[in-house]
Each structure stands twice: as C-alpha cells, then as structure tokens.
Amino acid sequence: MNYLTVENLKKSYTEKILFQDITFYIDKGQKVAFVAQNGTGKTTMLRIIAGLESPEQGMAKVHKDIALGYLGQDPQFKAGDTILDAIFDSTKPVMKAIKEYEESLLHPEDEERMQNAFSMMDSTQAWDFESRSQTILSLLKVGPMDRKVDVLSGGQVKRLALAKVLIDEPDFLILDEPTNHLDLDMIEWLEEYLSRANMTILMVTHDRYFLESVCNEIMELDRGQIFRSKGNYSKYLEKKAEREFNESQTIGKAQNLMRKELEWMRRQPKARGTKAKSRVDAFYDLQNVANSEVKKDEMTLNIKMNRLGGKVLELHHLGKSFGDLKILDGFNYKFREGERVGIIGRNGVGKTTFLDMLMGKEQPDAGKVVVGETVVFGYYSQGGMKLPEDKRVIEVVKDIAEFIPVEKGKTISASQFLERFLFPPEQQYTPVSKLSGGEKRRLFLMTILMKNPNFLILDEPTNDLDILTLNVLEDFLQSYRGCLLMVSHDRHFMDKLVDHLFVFEGEGKIKDFNGNYSHWRAVQDLALEELRESKRNVEKPKAEAVKDTKPEEKKKLSYKEQKEFEDLDAEIPKLEEKKAALSNQLSTGNLSNHQIQEVSNELTELMVVIETKTERWLALAAFA
C-alpha cells in the first residue's frame, strides 16, 4: 500500500534552489533514511511532507487513511500547557481516558474522580496503552506531569515531542534528527523500539549505527538527483562506492572517505539494534582488542601545532556539586600527550560542567585544575557558537588567519582550508546568515581547528552535521596528534576516535574504562546477561494460575467458590492500587533506566494477574 507520493517537488530559499524535480514514493513497511549534505533542504522537505510548508512546484501527498506523526528539529508546544496537556492532547477516546487517569493520580484524595478514571480506562481498554506510555515517558525522562512546558530546556522539549509522537502510534512516522539531545541509553532504546515497531518511517539522522539498525532503505539526494539503496547503511555505502566508480569522473576525496567508511563498518560489530546476545558473544573477541592502539588513517592534512610538554593537564581531587546533585567527588587524573578520551553518561550528570571546569569557565568546589604551559586549548561548546551573521564565510576564516601553517614549513590558504571542510569556492562568498544550521556548526568548528590547538575539547560536535561532513571531520581527527577529549552521543564517531572513556555514573563517580564505546557496551551487556541468568536459577514465587473453568449448569456458588469470590472482590482493588502506584512511580522521571525496566516488567506481570483474576471474578459473579 502506498503511504506517500512526492512528485516534481521544488523549493528555493531566496536565489538558492534547495531542490527541484524531486519524485519518490514510500510504501507501507519501508523505513527510509533521507541522506544529503547540509544546506540541501532535508528539513524543508520533511516539513513539506508533514504539511507545514508549501512547495513552489509539485506535490507531496500522504494517503488519506494514514495517521501521520511528525517530529521536527525544533518542536513547539502551547504556552501555559503542562506536560500532561501536551502529551495527551488528542481527540482519541483512549488518549482522553489516559489523560483523565493521569490527572486523577495527581489528586489521590478525590476518590470519586479516581474511580471514574478507572472506569474510563476499563471501557476504552486503555491499560496496556497507558503502561507503554509510562515506559516511554520514563525512558525519555519526561515528567513530572504537572510541570509547565514553558520552563523546559530545548532538549527536554525535544524529548517531550518524541514521547508524544511515539505514544500516538502513527502509521507513518517522520523524524528529523530524532537522536539529538538524547543520551546514549535513550538512543539505544529508541533504536531498538523503532527497529521492532510495525510502522513506516521517513527520517533524517546523522547517527550511522542508528541507520544501520533501523532502516531498510536509504534515499540520497546528490547533485539534484534521488538515489535509492535497498538495505541498511553498509549496503548504501557499497552501492554508493559502486555508483561513483562506474561514473566517468575522477574519484575524489569524498569518494575515498566513503570507501574508508565502508571498510570501517565491515569490521565493526553490529549496532545495538541486534539482540543483546550478539553483544555477549562478541565481547570475548572485543576484549582482546580493547587495549590495542587505534589504527591511524593516512594523514591528509597535518596542522602545525605547538608540541605538548611533559605536563599536559592534571586534575587533583576535583569536587563539584549543585545542591543535592553531585557532579564530581575527589576525581584525580593526569592527561598524557596524545590521549583520546570519550565522555559518556546520562543527561544531567554534569558532563558539560566538567568540560567547563577544565576550561576555567566553572570553578570547582574542591581540588584544582593544573594546565601545562605548552597547552593550547580548542573548545567547541554547544552554547558557544557565535558567528557574525553579516559576514561572508571566507571573511570569517580570514579574520582568524589568511594562511594556516602545516607541517614541513608549508601553508594552505583560508580558501583551501574551507574546501577541505566542504565549502567549495562558490559557497565561500555566501553570507553566514544564509547558511543552514549544520553549515554554521561546520564553520564554527573550523574556526576552532584552524587556531592549531594541541588539546581539543569537543562537546557534542556531531549535532546537525551531515554524514559526509562527519567523514571529513573523523578523517581530520584521526590524523590529529594532540590530546582529544569529547562528549558525543554519536557511537560510531566515538568508536572511531577514542581509546578510553570517562563513564559518568552519577553521584560524583567517574569510571575510567579502557576501550571505546562498543567495548564498554559489550561489558555492560555481558554483566546484564549474567545477572538475568542468576535470577533465572533462583526459584521465584509465581502468581497462582487461575484456571478458566466452564461453569456448570447451576444456580448458586459452592461454599468454596463463594469464599473465592469474596477474596477476589477484596483482592482486585488492592492490586489496582498497586498498579496505580507503579504507574505513578514510572511517571516521576526519577528512575534510572535499569529501575524503569524492573518497574515496567513488574507492572506488566501485575496487569496479567489482574486480568486473570478479574475474568475469574466475572465468571463467579454470574452466580453470586
């Protein structure tokens, strides 16, 4: 069945044509990733398909019987609404029932309202839907439900919008950079959810492991043409390399980068969308290479930089807290020349605060940061992007340096350096104000790299960058000989560039793990599998199965059945109260991912018990 028809689509931005004569179709069950360079109109195309913008020519039509869900890059909610209002703003009876139920949980003293809410949930058969909703809200750290959307940060608003669109369960889902602002645990949960979900998807994302696991087709916009490739990201790389090889053109730098990317993907373990068992099986192979050096690709652009001395960066007994939130608790570390460290941890544990302390932008409560005399920092921060909108791209770069020194006494021009990072000569005289969000981030990153730092600190450098730009950046950083410290939710990026990790575990604890992200995840999966195995070996009491017996032709209950009926009549309300308490626990947003999984499993088991006992109660009630 056809879900989407796009024919002869055209859109311009002032004098720049974003795309024209674009035609493609999406059918039921396809999970399609839309890939293109920054500035080619990926977000604009998704907005046209979602009905939020109009094309200049052509049409984009979603089948009339299809429920469409759209997650934009910058979602908006009605001012003054609570999270509860935003999430369950729907005309569907089941959504209205859940909203009333959630509101009744906020006012437990109103017993009549709570009873009516229970009745609505029963009549609309909304319990399973509500349980799944609570799991999604908790995993995405959305809550408490009475909080106003006006006070949420940009990342919190993005997670709220993602939760809403997933809870609605649309037939056709359009996602624009869904992994931005999510921590790694959330990304992996979303990856697994979408790879299993029976829905049709069109999405833009730069997360290559996400593409590998979720998508069954990749659609690329290249030089004004649409190229479609059946299969995941690895298949797309194969097809792209084959297509470019067959073209009668010299294979350029970008094509070589794609080949390197394909080689990398082939030698990596599958992304987390596969079952945890495969991670466990792969762990014993992975641990053999966890201590080995990262293979460096051929150096294509060696920036000249000051050599690091014996003392690089030392952290002595660092402590930092914000109220009850403890960020660091007596952390010690001495960086060595050429170290490549990744930082991981859930949102809100203080990763950015830690980077700000190293740069002197945030003072520690205890301990000290000692910086070596030869260290030249380059700091790419999420909130630090300030570019002069009225200047042209080439002017921004020339304001820093007309020529950039490289090794062996050579230099390259500002224009050549721009070309290295995918700003061709014709784009170098474009005003900054007319660049896309991803292009601005790329330019900002360049202004940092060209100052020749010997200690790079990068805070989420991959957000809004297209895949080709990421390949160029990775190629540059693999040949970079200084120290590298970065926070990133891009697992592929981390795997290629870091040797070990600082794992922020919360409560001020930081674990130094020797290996990249995939190695660390394999260890976590192995530990989780061993825990599950130990639990399976311990006998656990199970809820007594209540057999559904066919009532014989009789007019009243036996004494034993009457006693069972009375016990059930008293027991079921208590089970419902326990269920409400578990649902409320999930909605707080204060649980860890492990706790969420445990509570969710308990809630699911409890619902089965309630359903079984209720059926038995109804059977007995006919004769009571």
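**Entry 1: Glu 212**

I began with Glu 212, which lies in helix 8 (residues 208-214). Helices here are DSSP runs of H or I with at least four residues, strands are runs of E with at least two, and both are numbered from the N terminus. The model is a predicted one, in which local features need pLDDT of at least 70 and side-chain atom pairs count only at pLDDT 80 or more, while totals for chains, interfaces and linings use all residues. Residues are numbered from 1 along each chain as its sequence is written, and side-chain values use heavy atoms, with hydrogens and water left out.

Is Glu 212 buried or exposed? I found that Glu 212 counts as buried because its relative accessibility is 9%. Buried means under 20% relative accessible area, exposed means over 50%, and partly exposed lies in between (1.4 Å probe, protein chains only).

I then looked up the polar contacts of the Glu 212 side chain. One is with the side chain of Asn 232, at 3.3 Å, and another is with the side chain of Ser 234, at 2.9 Å. A polar contact is a pair of N or O atoms within 3.5 Å; within protein, one must be able to donate a hydrogen and the other to accept it, and residues adjacent in sequence count only if both atoms are side-chain atoms.

**Entry 2: the chain as a whole**

I recorded 20 helices and 20 strands in the protein chain. Of its 624 residues, 51% are buried. Among contacts with a separation of 6 or more, 70% join residues 24 or more positions apart; contact means heavy atoms within 4.5 Å.

**Entry 3: the open sheet**

In which order do the 6 strands of the open sheet stand? I read the order as 5-6-7-3-8-9, with mixed pairing. Two strands pair if DSSP finds at least two bridges between them. Strand 5 (68-71) and strand 9 (225-230) are the edge strands, each pairing on one side only. From one strand to the next, the twist averages 15°.

Within this sheet I followed strand 3 (residues 31-35) and strand 8 (residues 217-222), which run parallel and are joined by 4 bridges. Val 32 has Glu 217 of strand 8 as its bridge partner.

Helix 6 packs on the sheet, where it touches strand 5 and strand 6 (172-176), and its direction makes about 170° with that of strand 5. Helix 9 (residues 233-246) also packs on the sheet; it touches strand 3, strand 8 and strand 9, at about 40° to the direction of strand 8. Angles run from 0 to 180 degrees between N-to-C directions, and axes are lines fitted to C-alpha atoms, for helices over the stretch in contact.

**Entry 4: nonpolar cores**

I noted that the largest nonpolar core has 71 residues, and that Leu 140, Leu 166 and Leu 194 have the most contacts inside it. Such a core is a set of buried Ala, Val, Leu, Ile, Met, Phe, Trp, Tyr and Cys residues joined through side-chain atoms within 4.5 Å. Helix 6 (residues 154-167) gives the largest share of this core, 8 residues.

Leaving out residues up to four places away in sequence, Leu 194 touches several residues, including Lys 31, Leu 166, Phe 210 and Val 214. A second, separate core has 49 residues, among them Leu 418, Leu 473, Met 486 and Val 503.

I found strand 10 (residues 313-322) and strand 11 (residues 325-335) running antiparallel, joined by 8 bridges. Lys 320 has Leu 328 of strand 11 as its bridge partner. The two strands form a hairpin with 2 residues between them, and Gly 323 in the turn has a positive phi of about 65°. Strand 10 also pairs with strand 13 (residues 366-371) in the antiparallel sense, over 5 bridges; here Leu 313 stands opposite Val 371.

**Entry 5: helix 12**

Why is helix 12 (residues 351-358) largely enclosed by the rest of the structure? I found that 7 of its 8 residues are buried, so helix 12 is largely enclosed. Among the buried residues are Lys 351, Asp 356 and Leu 358. Gly 360 follows helix 12, with a positive phi near 80°.

Most residues other than glycine have a negative phi. I recorded Glu 177 with a positive phi near 50°, in the loop between strand 6 and helix 7. Glu 177 counts as buried, at 5% relative accessibility. Leu 422 likewise has a positive phi, of about 65°, and is placed in the loop between helix 14 (414-420) and helix 15 (437-449). Leu 422 is buried, with a relative accessible area of 18%.
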